[in-house]
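Please look over the sequence and the model shown here. The paragraphs after it go through the fold step by step.

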Amino acid sequence: MSRELWIKAGSVLAVDPKASVKCPECGEADLAVFDTRAGKDHVERHMRCPKCGAYNALYENISFD
Ligand SMILES: [Zn+2]
């Protein structure tokens, strides 16, 4: 299990959602990222590998106060 690598990927993508982050599972493809709204001030950031199909999601706070 590569949970720490997913967390690392998530923290990079939290700063720059367009960053190229290699898949934590296979290390061969860049993760595809998309967000869905989760309430007023959060999004779910979904990360999927187009190569091996690995998937993870993070809950992000997007309020800027
Ligand atoms: Zn992969």
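Two strands count as paired if DSSP finds at least two bridges between them. Helices (H or I, at least four residues) and strands (E, at least two) are DSSP runs, numbered from the N terminus. The model is a predicted one: local features need pLDDT of at least 70, side-chain atom pairs count only at pLDDT 80 or more, and totals for chains, interfaces and linings use all residues. Residue numbers start from 1 along each chain as its sequence is written.

The protein chain holds one helix and three strands, and along the sequence they follow the pattern α-β-β-β. The strands form an open sheet in the order S1-S2-S3, with antiparallel pairing. Strand S1 (32-37) and strand S3 (55-61) are at the edges with a single partner strand each, so one side of each has no neighbour in the sheet. From one strand to the next the twist averages 25 degrees; axes here are lines fitted to C-alpha atoms, for helices over the stretch in contact, and angles run from 0 to 180 degrees between N-to-C directions.

S1 is joined to strand S2 (residues 42-48) by six bridges. Across this pair, Val 33 stands opposite Met 47 and Asp 35 opposite Arg 45. Their hairpin has four residues between the strands, and Gly 39 in it takes a positive phi near 90 degrees. Seven bridges join S2 to S3, where His 46 stands opposite Ala 57. This second hairpin has six residues between the strands, with Gly 53 at a positive phi near 85 degrees.

Helix H1 (residues 3-15) lies across S1, S2 and S3 and runs at about 120 degrees to S2. What makes up the largest nonpolar core? Its eight residues are Trp 6, Ala 9, Leu 13, Val 21, Cys 23, Leu 31, Met 47 and Cys 49. H1 gives the most to this core, with three residues. A nonpolar core is a set of buried Ala, Val, Leu, Ile, Met, Phe, Trp, Tyr and Cys residues joined through C-beta atoms within 7 Å. A residue is buried if 20 or more other C-beta atoms lie within 10 Å of its own, exposed if 12 or fewer, and partly exposed in between, with C-beta atoms placed from the backbone. Leaving aside residues up to four places away in sequence, Ala 9 touches Val 21, Pro 24, Leu 31 and Met 47; contact requires C-beta atoms, placed from the backbone, within 7 Å.

Buried residues make up 17% of the 65 residues in the protein chain.

Key. Contact = placed C-beta atoms within 7 Å.
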